[in-house]
Structures are given as C-alpha cells and as structure tokens.
Amino acid sequence: MIEIRNYIDGAWRSSAETFTVLNPANRGQLARVAQATADDVDAAVVAADAAFQSWRRTTPFERAELLRGIADIVDRREGELALAVTREMGKTLAESSGEVQKLARAFRFYAEEAVRIMGEIVPNETLDVTSLVSYEPVGVVAAITPWNYPLELIGWKLCAALAAGATIVVKPSEYSTASAASLFECLEEAGVPAGVANLVYGRGIGPQLVAHPLVGKIAFTGSTQTGNRIARSVHHAIPLSMELGGSCPMIVTEHADVAKAAAGAARRGFRNAGQICIAVNRIYVHRSRYEEFLALLAAAVDELRVGDGAQQNVDMGPLANEEGQRKARAHVDDAVALGARVLTAERRVPDTGYFVAPTVLADCTPEMLVMREETFGPIVGVAPVDSLDEAIGLANRRDSGLAAYAYTENLRETHRLSALLDYGNVAINNPDPGIMNAPYGGRKGSGFGSEHGSEGLHGYLQIKHTRIHHGASGA
Ligand code: NAD
C-alpha cells in the first residue's frame, strides 16, 4: 500500500487522519491517503495567494518554458502515470497511456498559448486618450475534479491556469489520488515554484475550498448534482466554470453509413466502460435502418474483452466504484422490466471487482432510466424513430447539453443537425467531439465555460480596460 500526502507550498504533508483507496478490479487496498484538515486547506489557499504575487509577474515565456519542461517529464514517466490511473479507476492500460500522452500535449499546447495572450488598443473620441484592453490572471483557482479522466481533468485546468499566470489548489476525487500525486511530483521535478500549484485530498473538504475568501475562480468538473450544490453555496460573485454531466444522444438517420455509426457508438458508448461525460448513452435510429444498426452494434459490443485493465488483451475494465456498478445494473434492470430487449450475448464478468457486462438495450422508451439519466456505465439504450425531427426533439433536453452525435451522409440533414442540436459539442460522422485546439464545454444542465483551445486559457484571465490621457495629439 502506498502512502499519499498533500502537497502544500512546495512540501509533502502527512495527516493524522487517512482514508483508503481500493483497486476496482479486485477490491485490494491500493493507497492510504492523508485527509487534509481545515488548516491544510487554508494553508494551501494562503500559499497559492502568496505565490500569485510573484508568479503573475513572470513572463509568459518563462511560464511556457516551465510547461514544456513538465510535458517532457510527463512523457518520461508515462508508464508509471498510466499504471496509477489503471489501478485506481480501472480503465485499460492502453487508454491510460493515451490519457497521459494527451496530458503532455495539453502542457505543450498551453505553453504555446501562454505567449499569445494579446490585448487591444481601442479607438477613443480624442487622440489625447488611449484605451488599452489587457488580460490578467484571475488569482487563486480552486480546481475540483472527478476520477474518470483523473489526469487530464486536472491537467486542462492546471496547464491553462499556470499559462495564464494564475496559481491553483487542486482537489481530486477521493477515488483517484495516486495519479494526481505522481503528476505533482512531475511539477516539483520541473521546478514549479512553491505555492504555485497545491494538492489537497479528502472527503468533505470541497465546500471549504470553494468558499475560501482568497479563491478567485472555481473550476469544477463533475456531476450536475455536485455542480449545482457548489453554485448554490458560493457566497460571493467570482468566476465559475462548470463542466458537468448529461446523458449524450446519438442520431442515426435513414441516410447514415450504418456500419460507421455502429462503430462510432461502440467506441463512444463503451470506451472507459462508458464512464465518460461525453459517452453515448441513448441512440435514436431511423426505423428503416434500425435492425441493421442493432445487429452491427451488438456484434461489436459482444467482441469487447472484459477484465482487469492492467492485464493484456482487455478492452474494458471494471467500473471505478460500487456505486457506479449498482447504477449501471439498475439501468439495465429498469429497462428490461419496462420492456426493452437485451441484444448483447449473456456473459459472465469477473466478480472480483466492480465489473458490469457491456449491454445494448433495444426498443427503449423515454420513461426508461437509460434514456432519461446519465448511466456512466457500459450500457446503451436504442430506440426507433420515424423522422429526423422526431430524433432531434428526443435528443434535445433541458438537462443535457454537453455532446451530441449524428450519422448521416446527407448534406441537408448534416446542416439541420448541426443547427438544431442544442449541445456545446456536436460530432457528425465521427465519435470524437473534443480536440485540444477547439473550445470544449457544455450548456443547459451540463454547465458553462470552456476548456481546451484559447477559450480554455481565457477562463483563467480577467479583462482590464486602462484609459490613459496622455495629451499626445499635438493639437
Ligand atoms: P462528483 O460530482 O461526485 O465529484 C466530483 C468532485 O467534486 C470530486 O472531487 C468530489 O469530491 C467533489 N465534491 C463533491 N461534493 C462537493 C461539494 N459539495 N463541494 C465541492 N466539491 C465537492 O462526480 P464524479 O462521480 O467524481 O464524476 C462523474 C461525473 O463527472 C459525471 O456526472 C460526469 O458526466 C462528470 N464529468 C463531466 C465532464 C465534463 O467535461 N463536462 C468530464 C468528466 C466527468
């Protein structure tokens, strides 16, 4: 069992109280983690605030150099970081390695962005006055993150905040602790100054962190329920970004390449065992292509090999925790009780950990949980529709606004889908809506604010207008 400590003001700190992290593949004890006290949380924010005074005065070129240095260390430690992710939350080693590689790319991307924070000179009514619009860092960022992409979801906030000249206190999920500690070791090795990036662990410390009076921005990724709770609890007006959950729809029209659509659904429905905020949860297929689509999707899902993600030849690991396993199974039971057909072959999954059989459910109706709620597991519900507009009507919902997918080879349908799907990210004829240099964020019940792209950086900057009377018109 490894010991994991908080990282505050450039030092690793133990705590009298600890909590234990289990490996979801076998329920074995993985780590004993120091539970931060109220004093630790306060010390982390105070250290970040003190460090901000000098960090904000570094040049973007210095910050960019540091970010590139971190990227190199992350690359070098890829195997160790990936294993930490797999052990604590279950995804396969191949997926974990992919996550680490994307994390390193994020550091390099924001190293480039750091030196492109440009302002503007705005015209005034007289030449004796000049208006400068400039961007300044927000101060101390409180970053609260979930376990499903434990490195990337810290990384996007950390890279952008540091590039902007802000400082940060990260509170990762209680389920994903070792990977965060390894990432902070990379920061320490790269020479990030004390206090610029801090890490605190623990159950129940989130509310204290987000309410701390020295915090200048809250960057949250997690469930809609927790996001709403945080939004209600904030006592003073500060910037927030809320990357929340939501059940993501896919539409397969009568003009779709059905093989491509089934492959896309298999990838985006079952990767990371469906524990992705942009996972395909519910699929609406034109009745004329319905059985063809179902057969292809079920066949692709039946081929997935389920097992411990740390082993070779495994496509899907366990769910990260018991609650996730219970919810996914409840969604299947509910759908079957209400008349859905299970299309995937019955199979035994290991009972050592929190495994769930990947399942495709057909003939789903809107009242079924799988069509109403985010499952966050390897379960996909499919329903037939009679028209494109019926599908769009079912796909658009007030509580869901993160990502929507559609497959069609028809140009008119493509543009109608692009225009009418009320989502922050729409992917047509591909299952990958998130790329590093385009803004990524939700709307409606899935939150607000962007990560990725230059918009992701601007989330950590605040605008300033300086109006200077210099009398230099010569008049
Ligand atoms: P969660 O909401 O249970 O927890 C997220 C984080 O919030 C954890 O660190 C948790 O300790 C902390 N937290 C809990 N209560 C808090 C409070 N009152 N104040 C402050 N912090 C608090 O979510 P989870 O189970 O870890 O993650 C899964 C959810 O995250 C899913 O709903 C998924 O869709 C969502 N998610 C969204 C995105 C996105 O980009 N939109 C990305 C990944 C995951």
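Author: Buried means under 20% relative accessible area, exposed means over 50%, and partly exposed lies in between (1.4 Å probe, protein chains only). This is a predicted model, in which local features need pLDDT of at least 70 and side-chain atom pairs count only at pLDDT 80 or more, while totals for chains, interfaces and linings use all residues. Residues are numbered from 1 along each chain as its sequence is written, and side-chain values use heavy atoms, with hydrogens and water left out.

Reader: How many salt bridges does the structure hold?

Author: A salt bridge is a side-chain nitrogen of Lys or Arg within 4 Å of a carboxyl oxygen of Asp or Glu. By that rule, the number of salt bridges in the structure is 26.

Reader: Is Arg77 buried or exposed?

Author: Arg77 forms a salt bridge with Glu80, with the closest N and O atoms 2.8 Å apart. Glu80 has 38% relative accessibility, so Glu80 counts as partly exposed. Arg77 has 12% relative accessibility, so Arg77 counts as buried.

Reader: Which residue forms a salt bridge with Arg32?

Author: Arg32 is partly exposed because its relative accessibility is 31%. The closest N and O atoms of the pair are 2.8 Å apart, and the partner is Glu3.

Reader: What is the N to O distance between Arg267 and Asp432?

Author: Arg267 counts as partly exposed at 35% relative accessibility. Asp432 is partly exposed as well, with a relative accessible area of 33%. Their side chains meet in a salt bridge, and the N to O distance is 3.2 Å.
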